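Please walk me through this structure, taking the helix packing, the aromatic rings and a few individual residues in turn.

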Amino acid sequence: MSKRNIKKHTPEVTRLLMALVTGVAALSLGAAEPAQARLLLTVMVDGLDTDCLDLLGERFGEGGFNRLRRDGVLIANADYGLGLDATAATATLMSGAAPSLSGVAAERRYDLTAMRPVSTFSDKDILGNFTNSGFSPSALRVSTLADEARIAAGGTNVVYAVAPSASQAIALAGHAANAALWLDHRTGNWASSTYYKEMPVAVATRNRTAPLSMRLDTMSWTPSLAPELYPALPDHLRRYPFRYVFPASNPLRLDIFTASPLVNREVSTVAADLLSTLRVGQHEGVTDVLSLAYTLRPFPYGKNPDNRPELLDAYVKLDRNLEQLFSDIDRRVGLDNTVVLLAATPPRRQSRRDDEQWGIPFGEFSTRKAISLLNIYLMAVYGNGDYVSAYHNGQFFLNRKLIKERSLDERKLRSEAAAFLAKMTGVDRVHTIDEIIEGHAGEQPEALRRNTYGPHAGDLVVTVAPGFELVDDFNSVPRADRIPMVERVAASAAPVFIMAPGVPAQTIGETVDARAIAPTVCRILRIRSPNGASLPALPLSSKK
């Protein structure tokens, strides 16, 4: 081509080159900035353990846990701090704030006015839907991941939470959700609160036409696999496969059912109803939120204290529930349009007492006896009076009114009471609320301080020694058929999976503060973090 021809066509060539450059830049930008997710699926699994996932990997299908491990980010261990139950851990993960800031330190708190334990989320000014109990998120003092997604969409999206318990459903739903749904353990109905504006028609219809109470007689829990396919089980646990039924004659049948993995199937069924009838995840231009809670807690009602067969089967069943859930979402919404957050809550530090034939040391710590002895000691020092008001969840509450009336040194009295309790059989350690708030208590003082919410905390916090059963006979008379649960000391990891468009599979092996999870998901969704989240998002790599 001659120079004259080159010069003649330069403007056309220039425009072509500019168009090509613009197109490449747009493609590059599109690769770096995937389209806005249409659904955030949050799944909390109480008691999920990495060791069991590793053990059962070959027994799982390809579409559940193995899909998360293959396509998602694995955070090997999320650190929630000390002593959190599933409700408090859920609130921490969803808000990015520790209990000292969020106000949710446990599923239940002690009401010193009513002199009884109550749900942290109980609200006497709120009515229930399909339940006689009223709940609201008013105790949650910060915003959550679900709240921020709702605010970012200006309320044009939908947010639903489904869980076996009211407290975990509300911790997942937050303040701005359309509905929080949970199983009422008295009736077996799916219940909600009038605080939330909706009671989905599909769920109300399920309560009327196919309530759990009518179906329990026909249900049974049996192993999903042949006995020889469950790994790492001794021969004697393979010989007699378990079978549990839930007859109407058993007054505990709803409690037994909700402690079994069959409750996870019920949660998944309601989730499927919401996806199909309310088109969750199918609203253009916004991110809907569906939050679910499952359980993998060790089954306490087994015939054998060694409940490994039941636990392994619970994992297999939940894997199938997840596979079906992901398949349903992929068909209706598209997993490539979905951000999945699946997180474990810390395993509980209790297990059934071993049979006496093994000779493992065992004892009982009676809360009524402890209060009686402590009160006698304080009367000997300070004169007659009821110095101890109550006990709840490892915490002793002193009679602050009496202490004030007698102008006693409250801090000194707490210190003396702690020293007395520490000498009792079955007590491992005792901390005063002063030591905790000031950050001087235990081996991890800052973690204990963060996980203590002062307005709900007792004066003394007691940890029972391993092998002892904590018998709370102060608040109620122990049932004759109670199952002895003893304390254990065992380190365990709480894994977290994040599977999102544009984020490649990767493993974060070091321990991660659980408060960083919500900001990380918010960054993926391109929304602001909850208002109590003080930690930055994790630096995840992105697809190129």
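Helix α12 spans residues 262-277 and helix α13 residues 308-332, and the two pack at an angle of about 5 degrees with their axes 10 Å apart. On the α12 side the contact is made by L262, N264, R265, S268, A271, A272, L275 and S276, and on the α13 side by K317, L318, N321, L325, D328, I329 and R332, where contact means heavy atoms within 4.5 Å. By class, this contact of α12 with α13 has 7 nonpolar, 4 polar and 4 charged residues; Ala, Val, Leu, Ile, Met, Phe, Trp, Tyr, Cys and Pro count as nonpolar, Asp, Glu, Lys and Arg as charged, and the others, Gly among them, as polar.

The model is predicted, with local features needing pLDDT of at least 70 and side-chain atom pairs counting only at pLDDT 80 or more, while totals for chains, interfaces and linings use all residues. Residues are numbered from 1 along each chain as its sequence is written, and side-chain values use heavy atoms, with hydrogens and water left out. Helices (H or I, at least four residues) and strands (E, at least two) are DSSP runs numbered from the N terminus, and axes are lines fitted to C-alpha atoms, for helices over the stretch in contact, with angles running from 0 to 180 degrees between N-to-C directions.

The residues of the contact of α14 with α16 divide into 11 nonpolar, no polar and 2 charged.

Turning to the rings, the structure holds 14 aromatic pairs, a pair being rings of Phe, Tyr and Trp (its six-membered ring) whose centres lie within 6.5 Å, with planes under 30 degrees apart counted as stacked, over 60 as edge-to-face and the rest as tilted. One of them joins Y195 and Y196 edge-to-face, at 4.9 Å centre to centre and 85 degrees between the planes. Y195 is partly exposed, at 28% relative accessible area, whereas Y196 is buried at 3%; buried means under 20%, exposed over 50% and partly exposed in between, for a 1.4 Å probe and protein chains only. Elsewhere, ring pairs link W221, F242, Y244, F299 and Y301 into a cluster.

A171, finally, is placed in helix α7 (residues 166-173) and is buried, with a relative accessible area of 1%. Not counting residues up to four places away in sequence, A171 touches T87, T90, A91, M94 and F121. The C-alpha atom of A171 is separated by 9.9 Å from that of S291, a residue 120 places away along the chain.
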